[in-house]
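Student: Can we go through this structure together? I'd like to start with single residues and then zoom out.
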Amino acid sequence: MPVAASAIYFLNLRGDVLINRLYRDDVGGNMVDAFRTHIMQTKELGTCPVRQIGGCSFFYMRISNVYIVIVVSSNANVACAFKFVVEAVTLFKSYFGGAFDEDAIRNNFVLIYELLDEIMDFGYPQNLSPEILKLYITQEGVRSPFSSKTADKPVPNATLQVTGAVGWRREGLVYKKNEVFLDIVESVNLLMSSKGSVLRCDVTGKILMKCFLSGMPDLKLGLNDKIGLEKESQIKSRPPKSGKTIELDDVTFHQCVNLTRFNSEKTVSFVPPDGEFELMKYRITEGVNLPFRVLPTIKELGRTRMEVNVKVKSVFGAKMFALGVVVKIPVPKQTAKTSFQVTSGRAKYNASIDCLVWKIRKFPGQTEPTLSAEVELISTIAEKKSWTRPPIQMEFQVPMFTASGLRVRFLKVWEKSGYNTVEWVRYITKGGSYEVRC
C-alpha cells in the first residue's frame, strides 16, 4: 500500500521539533518523544532508518543538520516513504535557493506549512513537481545568502499542466532545428571460468534521450523486442518479420511514457521532456552476445616464479572496434619483478592493486592479442599459503554494438505543425562486472 503517513516531523540534531504536520488522528502528538527517547538518545541512531516502537513505525532520514521523520501506524511502503522525503527535499531546495538546513526551515515556516498541505493529503503523497507547484504557490522562500542559484522561471499554462499530466514539459518551446538524440547504453556483467564457459551473465541497459523539439510533440519508439513485434503483427494481421528478437526483463519507464498504450500496443509512446532524460531501463538474461572472450593460463613454477599467458579475443564484427580496453590480471602480493611481451597495447605492474594492467587504446574486432609475462616472487621463510586467485577483470567500451541485440526499429515524431526532425541513434556497450576466473 502507499505511504499512508500519520505525521511528519522536522527535528534538529538536538531533537527539538522545528516543524511538524499531523495528517491522521491515529497517532498522538507526543510520538516524537518516543523517537527522541528510543532512537536519538541511544547509539542506534543511524544504524537502521526504519524502527518500530509500540504500534507505530518510524522512517527517518538525515539531511544536512535536520532529521525528517515519518510516522505510520499501519503497514506502509517504506521505499515510497523515502522517495517522498527525497522529492520533498528537492522541492524545498527549489524554493529556498538550493539550501535545506535548520536555518532555511526557521526562515520559511509559513511556506513549508503550505507546501506540506499540497504535497500530502491524508497521509498519501501528491504532486511534488517544483515546476507544477510554483504555478499556484507563488510565494518565494527566504533564500540563503550563500546560494548562487537563480530563481526558476514560471511555467506558462498552469491549467494544462496541473490537470493535463504533462508536468514534465512546458508549452511554447521553439527550436530552429528540431533534433532527437537517442543512446542505448548497456553494461555487460559476466563471470566466466578459466576454460571459457559462462557461469553467470546478464546485461543491464538504459535508453537515454536528448530532445530539442518545438511545441508538444508525440514520439513513438519501436524496438525489436519479442512481445512488441508479436503484438504489432496481431494488430496488422500479418506474420511477424524475420530477424532477431529479444525478451526484455525488469523494464522501468520515465513518467512521460504512456503506460496504457504500452500495455495495449506494446509500443513506447510519450511526450518527451525538454533536454536530456532517461527514457527507460531494462535487463537481459538470455541470448547475450559477449563482446570479448578471455583465455588465461597461469602456471606457478615453484615458489619464486610464475608464467602468465592471457589471450583476449574480440567477438564483434571486424569493422567495429573497442575503446579504452583495460585488462587487470591479479598476481600475488609478494611480486618482486615482472617482464612482459604483448602483441598490442602496453602492460605494466601496478603494486597498489597487485595486478598486471594491460591497456589497449583501440581494439579491432575479430582479433586475438596476447600477453605473456614472467613474474618473479619474493622467497619467504614462512610457510607459503596457497594463493587464492582473484578473477581477471576487464573494462571496455564498444561503440555501435549491443550485447543484448537490442535495436531501434523506428522513432517517429509527430507534431501538429508538421515540422521535419533529425533523429540520431547511437549504441554503446560497456564492461560492468566483467570477470574471468584464472
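Student: Let's start with Ser6. Does it count as buried or exposed, and at what relative accessibility?
Tutor: This is a predicted model, so keep that in mind. In it, Ser6 counts as buried, because its relative accessibility is 0%.

Student: Where is Ser6 found?
Tutor: Ser6 is found in the segment before β1, and β1 covers 7–12.

Student: How far apart are Ser6 and Val71 in sequence and in space?
Tutor: They are 65 residues apart in sequence. In space, their C-alpha atoms are 5.6 Å apart.

Student: New one: Met61. Which strand is it in?
Tutor: Met61 is in strand β4, residues 56–63.

Student: And why does Met61 count as partly exposed?
Tutor: Because its relative accessible area is 21%. Buried means under 20%, and exposed means over 50%.

Student: What separates the C-alpha atoms of Met61 and Val50?
Tutor: They are separated by 9.3 Å. Along the chain, Met61 and Val50 are 11 residues apart.

Student: Helices next. At what angle do α2 and α4 pack?
Tutor: The angle is about 140°, and the axes are 12 Å apart. Helix α2 is residues 78–96, and helix α4 is residues 109–119.

Student: What word describes how they sit to each other?
Tutor: At that angle, α2 and α4 are oblique to each other. The cut-off for roughly antiparallel is over 145 degrees.

Student: Which hand does the crossing of α2 and α4 have?
Tutor: α2 passes α4 in a right-handed crossing.

Student: Which residues make the contact?
Tutor: From α2, they are Phe84, Ala88, Leu91, Phe92, Tyr95 and Phe96. From α4, they are Leu111, Ile112, Leu115, Leu116 and Ile119.

Student: How many of the contact residues are nonpolar, polar or charged?
Tutor: The contact of α2 with α4 has 11 nonpolar residues. It has no polar and no charged ones.

Student: Now backbone angles. What is the phi of Asp250?
Tutor: Asp250 has a positive phi of about 50°, although it is not a glycine. Asp250 is in strand β11, residues 249–253. It is exposed, because its relative accessible area is 51%.

Student: And what is the phi of Met400?
Tutor: Met400 has a positive phi of about 60°, and it is not a glycine either. Met400 is in the loop between β21 (392–399) and β22 (408–414). With a relative accessible area of 41%, Met400 is partly exposed.

Student: Zooming out: how many helices and strands does the protein chain have?
Tutor: The protein chain has eight helices and 23 strands. Of its 438 residues, 43% count as buried.

Student: What share of contacts joins residues at least 24 apart?
Tutor: That share is 70%, among contacts between residues at least 6 apart in sequence.

Student: Last thing, confidence. What is the mean pLDDT of the protein chain?
Tutor: The mean is 85, and 88% of residues reach 70 or more. Over residues 147–163 the pLDDT is below 50. Beyond near neighbours in sequence, that stretch has 30 contacts in the model.

Notes. Residues are numbered from 1 along each chain as its sequence is written. This is a predicted model: local features need pLDDT of at least 70, side-chain atom pairs count only at pLDDT 80 or more; totals for chains, interfaces and linings use all residues. Side-chain values use heavy atoms; hydrogens and water are left out. pLDDT is the predictor's confidence in each residue, from 0 to 100. Contact means heavy atoms within 4.5 Å. Axes are lines fitted to C-alpha atoms, for helices over the stretch in contact, and angles run from 0 to 180 degrees between N-to-C directions. Helices (H or I, at least four residues) and strands (E, at least two) are DSSP runs, numbered from the N terminus. Angles under 35 degrees count as roughly parallel, over 145 as roughly antiparallel, 65 to 115 as roughly perpendicular and the rest as oblique. A crossing is left-handed if the near helix is turned anticlockwise from the far one by less than a right angle, and right-handed if clockwise. Ala, Val, Leu, Ile, Met, Phe, Trp, Tyr, Cys and Pro count as nonpolar, Asp, Glu, Lys and Arg as charged, and the others, Gly among them, as polar. Buried means under 20% relative accessible area, exposed over 50%, partly exposed in between (1.4 Å probe, protein chains only).
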